[in-house]
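Hi everyone, and thanks for coming. Please have a look at the model on the screen, and then we can walk through it together.

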Amino acid sequence: MDVSTLEWTITIAVTIAVLAFDVAVIARNPHEPTMRECTVAFIAYMSAAAAFGLWLIFFHGPEWGVDYFTGFIVEKSLSVDNLFVFIVLMAALKVPRKYQQEALMVGIILALVFRGIFIALGYQLVSNFSWIFYVFGAFLVYTAVNLVRSYRKHEEEHPEDNRVVQFAQRHLNVGEEYRGLKLWWKDNGVRVFSPMLIVILALGVTDILFALDSIPAIFGITDEPYLVFTANVFALMGLRQLYFLIGGLLKRLVYLSLGLAFILGWIGVKLFIHAAYKGGLLDWEVPTLLSLVVILVALTITAVASLATSRGDEELEVAPTEGDAVVPPAPQPAERGERGSGDGE
């Protein structure tokens with residue numbers, strides 16, 4: 001793919017401009033966004049992602065457009081799974097809702113920086129060492145197996161328990177008050193660090209771990225750095241709005257980790273085949289269009305099965321068993337009620 005310096009310059013400049021605008025707006029008015037605000041912004045970002053893909057098809061060719069859309073869908077799917085970790089992190093560190101936008105914005109910027117670094121390193125590796133595709137493929141298959149194991153063991157992620165975060169909490173004078181993105185201040189001559197600093201550290205570590213999965217995955221779709229970069233940028237754009245839009249819905253996507261495990265496993269196998277093709281061991285590799293179809297089908301089945309299962313579980317919890325009598329709660333003694341109210345004061 002022949003990408004001019006002008007295209008790279010415009011892409012990076014627009015990305016920085018959008019991020020700067022977001023930071024300025026959020027910092028000036030920290031608040032919990034309304035559903036309308038999130039919906040409008042999310043549709044705008046997704047429309048921009050689609051328009052960019054169409055531009056690639058018309059100006060660079062259908063092959064590159066398919067590569068971009070496939071990479072974008074993979075990265076977006078992984079980002080949705082990451083949102084659940086963000087929700088756990090925000091709850092564990094008790095981030096006020098009005099400051100969560102700021103924390104997420106910092107997390108997205110850190111993710112772009114780390115992914116930019118990983119993309120540059122990954123491109124150098126795939127350009128000079130064809131065997132690195134075997135390593136990427138093995139890593140993705142290993143990640144897929146771990147996702148299945150975690151699902152079967154019902155293991156929950158706790159990013160707030162990361163060693164870096166715990167070290168900072170033990171060795172810094174961390175207060176309890178959030179003051180937006182102000183990370184420290186003086187209180188009676190003593191420097192006090194905001195808990196937002198701990199949140200940012202946790203997000204940064206989490207972003208690095210996410211990049212370790214996402215970058216090999218998209219290099220399994222295309223090794224064109226411009227497409228890898230833009231797919232990641234558009235996948236991260238709108239993530240903040242999606243956090244508020246589907247925060248509750250994420251709990252219903254009970255099979256999401258299994259769906260992502262299948263997708264990562266598929267891409268891992270595709271990387272093995274690609275490495276064998278590069279090495280002259282095979283004369284065929286998996287077409288990207290086939291990967292796009294497989295990924296879309298996997299995501300559709302995952303979403304439908306998850307929503308059907310979670311809806312069935314909710315109905316079982318709400319509906320009484322046939323033949324069971326509904327017993328009203330026994331009235332509480334006055335003395336106990338008075339003692340309970342006194343304890344809460």
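Let me begin with a term: a salt bridge here is a side-chain nitrogen of Lys or Arg within 4 Å of a carboxyl oxygen of Asp or Glu. How many salt bridges does this rule give? The count comes to two.

Before we visit them, a word on the ground rules. This is a predicted model, in which local features need pLDDT of at least 70 and side-chain atom pairs count only at pLDDT 80 or more, while totals for chains, interfaces and linings use all residues. Residues are numbered from 1 along each chain as its sequence is written, and side-chain values use heavy atoms, with hydrogens and water left out.

Now, the pairs. In one of them, the side chains of Arg-240 and Asp-22 form a salt bridge, with 3.0 Å from N to O. Arg-240 sits in helix α9 (residues 239-245) and Asp-22 in helix α1 (residues 5-28), so this pair ties together parts that are 218 residues apart in sequence. When I say helix or strand, I mean a DSSP run, numbered from the N terminus: H or I over at least four residues for helices, E over at least two for strands.

Are Arg-240 and Asp-22 buried or exposed? Both Arg-240 and Asp-22 are buried. Buried means under 20% relative accessible area, exposed means over 50%, and partly exposed is in between, using a 1.4 Å probe and protein chains only.

The other salt bridge joins the side chains of Glu-75 and Arg-115, at 3.2 Å from N to O. Glu-75 lies in helix α3 (residues 62-92) and Arg-115 in helix α4 (residues 97-128), so these two tie together parts 40 residues apart in sequence. Glu-75 counts as buried because its relative accessibility is 0%, and Arg-115 counts as buried because its value is 3%.

Next, Thr-288, which lies in helix α11. Thr-288 is buried, with a relative accessible area of 16%. Its side chain makes a polar contact with the side chain of Asp-67 at 3.1 Å. A polar contact is a pair of N or O atoms within 3.5 Å; within protein, one must be able to donate a hydrogen and the other to accept it, and residues adjacent in sequence count only if both atoms are side-chain atoms. Setting aside neighbours within four places in sequence, Thr-288 is in contact with Val-66, Asp-67, Thr-70 and Ile-221, where contact means heavy atoms within 4.5 Å.

Let's zoom out. The protein chain has twelve helices and two strands, and 43% of its 345 residues are buried. Among contacts between residues at least 6 apart in sequence, 80% join residues at least 24 apart.
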